[in-house]
Amino acid sequence: LVTGVLFGVLAIFQMGWISQFLSKAVITGFLFGAAIEVIIGQLRHLTATESSGTNAWEKLFSWVGGLSDAHLATLAVGVVSLVVLFGLKVVAPRLPGALILLVGALLASALLGFEAAGIELVGEVPSGLPAVALPSAEVVSEHLPIVLSAAVGILLAAFAQGAGGAREYAAKHRYTIDIDQESLAHGAANVGSGLVGGMPVGASLSATSANDAAGAKTPLASLVLGVLVVLTMVFLAPLFSGLAEAVLAALIIYAVFGLLNVKEMRRLWRVARADFWIAMLALLGVLGGGVLWGVIVGVMLSLGWLIYRAASPRIPVLGREPGGPFFHPIDEYPDGELFPGLLVLRFEAGLFFASADALEDRLMELDAAVDYDYNTVVLDMAGVHFIDSQGASKLGELLDVAEIY
């Protein structure tokens with residue numbers, strides 16, 4: 001309930017702009033790491049072994065250490081399930097592979113006696129709808145600090161994961177999203193879940209991936225899904241008690257596999273190495289500390305890179321295009337024409353408190369360089385979209401220095 005209220009506050013005050021501090025590199029690394037974490041968490045169900053640990057690495061090493069106790073029948077079911085899912089995706093991508101596997105797995109469980117073979121099943125799935133009730137005021141008051149801190153943590157993780165996932169699929173299918181509307185939806189879902197004693201609600205990467213893989217195009221898919229879930233809870237829930245845990249694990253692994261965006265990571269490596277390392281650190285943050293730490297690491301890296309770029313703007317020397325009227329950076333167009341005694345610089349950022357010293361430092365650097373001999377400086381300020389008081393003051397100081405020279 002508290003998480004839902006906090007999401008409502010974000011929506012009311014239109015604070016969706018916060019998501020802008022999650023760069024594409026952060027989202028790519030975050031989702032990549034979250035997908036790996038989900039897959040590692042499901043491996044134990046494929047082998048019917050135990051794994052423990054506080055992060056993905058510990059769980060993985062724990063699982064590897066227990067492979068000698070793997071249940072072969074369960075492993076066979078899991079491997080066959082993965083082969084069916086990925087095989088159908090390659091051979092017949094238009095067929096609903098997840099649905100085909102689900103129906104086939106339930107039939108196989110009943111006909112082949114999975115339970116008798118020692119294969120772990122989902123177990124009893126209770127039917128019926130939950131009752132609406134408010135939580136105990138006494139319990140809330142006694143544990144208010146824990147409730148508030150937990151709600152804030154859930155808010156950060158769910159907001160980042162929801163905004164990141166929404167932006168990822170919006171870019172994939174070329175549509176626009178409203179993060180404030182997403183926050184409102186998260187708030188309503190959490191309030192509703194709280195009133196029926198449910199778990200906190202956040203964006204599910206596995207469910208989103210499964211929805212996308214099934215061919216969902218509009219919100220109508222979610223409405224249909226909601227109706228089917230209610231009908232299943234009331235009438236069909238007992239049918240799923242025979243589903244093997246390994247099959248469910250295979251479905252989840254298949255669903256999140258598409259979030260392992262190797263293509264985008266390669267593009268980041270080619271285009272901007274700094275973004276690639278930001279993505280990698282966000283990925284490692286998720287694997288080392290969980291989703292919340294991945295969010296914190298990613299946001300801090302994005303802010304740090306933003307501050308660095310603001311304080312270190314590009315200030316290239318310009319040369320005239322041979323035979324033409326245009327000026328281009330010398331480092332990009334080495335054939336550009338320079339003029340004796342004249343230095344043309346372009347300042348490619350806002351001139352404010354964080355970047356003002358960079359202009360002076362650049363001039364001092366060029367003054368000491370042996371490649372340039374000049375007594376006049378022309379500043380191309382077309383790229384300066386704003387100047388604050390410190391930036392204006394810095395221009396005055398540079399003019400005073402020029403008069404001395």
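The structure is a predicted model. The count of salt bridges comes to eleven, and three of them are described below. Among the residues discussed are N55, in a loop between two helices, and L102, in helix α5.

**The loop residue N55**

- N55 sits in the loop that runs between α2 (24-47) and α3 (56-65).
- N55 counts as buried because its relative accessibility is 13%, and the cut-off for buried is under 20%.
- The side chain of N55 reaches the backbone nitrogen of W57 at 3.1 Å.
- That side chain also reaches the backbone oxygen of G288, at 3.3 Å.
- When neighbours within four places in sequence are left aside, N55 is in contact with L287, G288 and G289.

**Salt bridges around R314**

- R314 forms a salt bridge with D331, and the closest N and O atoms are 3.0 Å apart.
- R314 lies in the loop between α14 (291-311) and β1 (318-320), while D331 lies in the loop between β2 (327-329) and β3 (341-346), so this pair ties together parts that are 17 residues apart in sequence.
- R314 also forms a salt bridge with E332, again with the closest N and O atoms 3.0 Å apart.
- E332 is in the loop between β2 and β3 and R314 in the loop between α14 and β1, so this second pair ties together parts that are 18 residues apart in sequence.
- R314 counts as partly exposed because its relative accessibility is 28%, whereas D331 is exposed, with a relative accessible area of 57%.
- A network of salt bridges links R314, D331, E332, R346 and E348.

**The salt bridge between E360 and K394**

- E360 forms a salt bridge with K394, and the closest N and O atoms are 2.6 Å apart.
- The pair links distant parts of the chain, with E360 in helix α15 (residues 356-368) and K394 in helix α16 (residues 389-404), 34 residues apart.
- E360 is partly exposed, with a relative accessible area of 26%.
- K394 counts as buried because its relative accessibility is 7%.

**Helices α12 and α13**

- Two packed helices are described by the angle between their axes and the distance between the axes.
- The axes of helix α12 (residues 262-271) and helix α13 (residues 273-289) come within 6 Å and cross at roughly 140 degrees.
- That angle makes α12 oblique to α13, because only angles over 145 degrees count as roughly antiparallel.
- On the α12 side the contact consists of M265, L268, W269 and V271, which meet R273, D275, F276, W277, A279 and M280 in α13.
- The residues of this contact divide into eight nonpolar, no polar and two charged.

**The helix residue L102**

- L102 has its place in helix α5 (residues 97-112).
- L102 touches F240 and L243, not counting residues up to four places away in sequence.
- L102 and A246 are 144 residues apart in sequence, and their C-alpha atoms are 11 Å apart in space.

Terms used
Residues numbered from 1 in each chain as written. Predicted model: local features only at pLDDT ≥ 70, side-chain atom pairs only at ≥ 80, totals over all residues. Heavy atoms only, no water. Helix = DSSP H or I, 4+ residues; strand = E, 2+ residues; numbered from the N terminus. Buried < 20%, exposed > 50% of the residue type's maximum accessible area, 1.4 Å probe, protein only. Polar contact = N/O pair within 3.5 Å; in protein donor to acceptor, adjacent residues only side chain to side chain. Contact = heavy atoms within 4.5 Å. Salt bridge = Lys/Arg side-chain N within 4 Å of Asp/Glu carboxyl O. Axes fitted to C-alpha atoms, helices over the stretch in contact; angles between N-to-C directions. Parallel < 35°, antiparallel > 145°, perpendicular 65-115°, else oblique. Nonpolar A, V, L, I, M, F, W, Y, C, P; charged D, E, K, R; others polar.
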